[in-house]
Amino acid sequence: MTAETLPRKNVPSTTPAALGLGDRPAKAGPGDPAATHVRVKLDVEIRALLAHEPGTKSGADPEDLHQMRVALRRMRSVLKLSGRLVGPDAEPVRTELGWLGQSLGDVRDYDVLIGHLREVVAEFEVRDQPAARRLVSKFVTERGVAKRRLTRALASPRYASMLQDIGRLARQPATEEADESPQTSADLVAGLAKPHRKLAKAVKALPADPPDDDLHALRIYGKKLRYAAEMAKPAARKKQAERIQRLIKATKNFQTVLGEHQDACVAADRMRGVVASVDAEVAFIAGRVAEKELLRRAEVRAVWRDVWAEVDAAAQAVSPRM
């Protein structure tokens with residue numbers, strides 16, 4: 001029996017209580033300080049991360065890993081935007097989240113690629129199916145290597161320490177320390193202007209036919225704006241919150257469209273890279289897949305500016321000064 005087939009002990013996952021958090025997530029409203037909203041967001045997202053940790057470890061459902069990664073990225077975004085409000089430990093914690101995010105991202109990228117490949121090759125002729133299965137199997141094997149790295153990371157003292165550090169940042173203090181220029185809830189809403197300006201500036205700087213990497217960068221800018229809006233929404237009054245919700249919806253759509261573009265680019269590049277290491281039949285399948293991915297890329301490029309216009313309009317509605 002190899003090390004890979006040995007039964008693993010069922011090690012319980014960390015609980016919110018073990019991190020010093022309450023039975024339920026904390027809440028914050030328009031009257032609470034901005035720092036309270038940051039801590040509440042960390043509280044909500046660390047619980048989401050912990051809830052999806054067992055499924056990520058088992059690998060039974062790729063959606064668990066995806067949602068764990070989403071929770072992690074939201075925490076990183078919150079700490080990047082407003083981490084200073086919860087103390088000097090915010091930046092070291094953000095760095096540690098980046099470390100774990102790399103391992104989660106490696107596996108997630110394979111999950112997306114493999115799932116999409118299976119859908120694409122399912123439409124191919126019966127005689128091409130054996131070669132198609134060999135192509136998919138190659139990436140399944142590579143995913144296994146990435147998954148083992150992730151499993152080691154999740155079992156490490158470094159991960160356990162990171163969770164404790166997030167718990168400390170998320171806990172609400174009995175009293176907030178005095179600040180010469182304390183931020184209010186309204187400042188979180190006003191703060192949406194900054195990520196919107198960065199996104200708008202990046203869009204404006206693009207040529208008519210942007211490089212693939214530049215469109216990927218736009219998606220990241222859009223994701224930061226969305227996460228900032230998600231944190232600002234509970235801090236806003238009713239009418240403003242409704243406008244922010246429209247912004248969240250628009251940025252989510254923006255992410256989806258540009259995500260399709262990025263996935264197509266990655267898949268096409270993977271197909272190019274695999275040709276030299278496979279037999280002629282598998283190389284033929286890889287070429288057919290690459291052609292389909294380049295068509296998908298072209299379709300997204302025809303519509304992404306319209307989707308951006310919706311984001312821009314929604315941001316302007318939140319505040320004309322944006």
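Asp-43 is buried (under 20% relative accessible area, with exposed over 50% and partly exposed in between; 1.4 Å probe, protein chains only), at 4% relative accessibility. The model is predicted, and local features require pLDDT of at least 70, side-chain atom pairs pLDDT 80 or more, whereas totals for chains, interfaces and linings use all residues. Residues are numbered from 1 along each chain as its sequence is written, and side-chain values use heavy atoms, with hydrogens and water left out.

Asp-43 forms a salt bridge with Arg-47 (2.5 Å, N to O), the term denoting a side-chain nitrogen of Lys or Arg within 4 Å of a carboxyl oxygen of Asp or Glu. Arg-47 is likewise buried, at 13% relative accessible area. Both residues lie in helix α1 (residues 34-58), four residues apart; helices are DSSP runs (H or I, at least four residues) numbered from the N terminus. In total, 21 salt bridges are present. A further pair, Glu-96 and Arg-158, meets at 2.8 Å (N to O). Because Glu-96 belongs to α3 and Arg-158 to α5 (residues 157-170), this pair ties together parts 62 residues apart in sequence. Arg-158 is partly exposed, at 38%.

The largest nonpolar core comprises 86 residues, such a core being a set of buried Ala, Val, Leu, Ile, Met, Phe, Trp, Tyr and Cys residues joined through side-chain atoms within 4.5 Å. Helix α3 gives the most to this core, with twelve residues. Leu-49, Leu-218 and Trp-304 have the most contacts inside the core. Contact means heavy atoms within 4.5 Å. Beyond four places in sequence, the residues touched by Leu-218 include Phe-254, Leu-258 and Trp-304.

How values were computed:
Helices (H or I, at least four residues) and strands (E, at least two) are DSSP runs, numbered from the N terminus.
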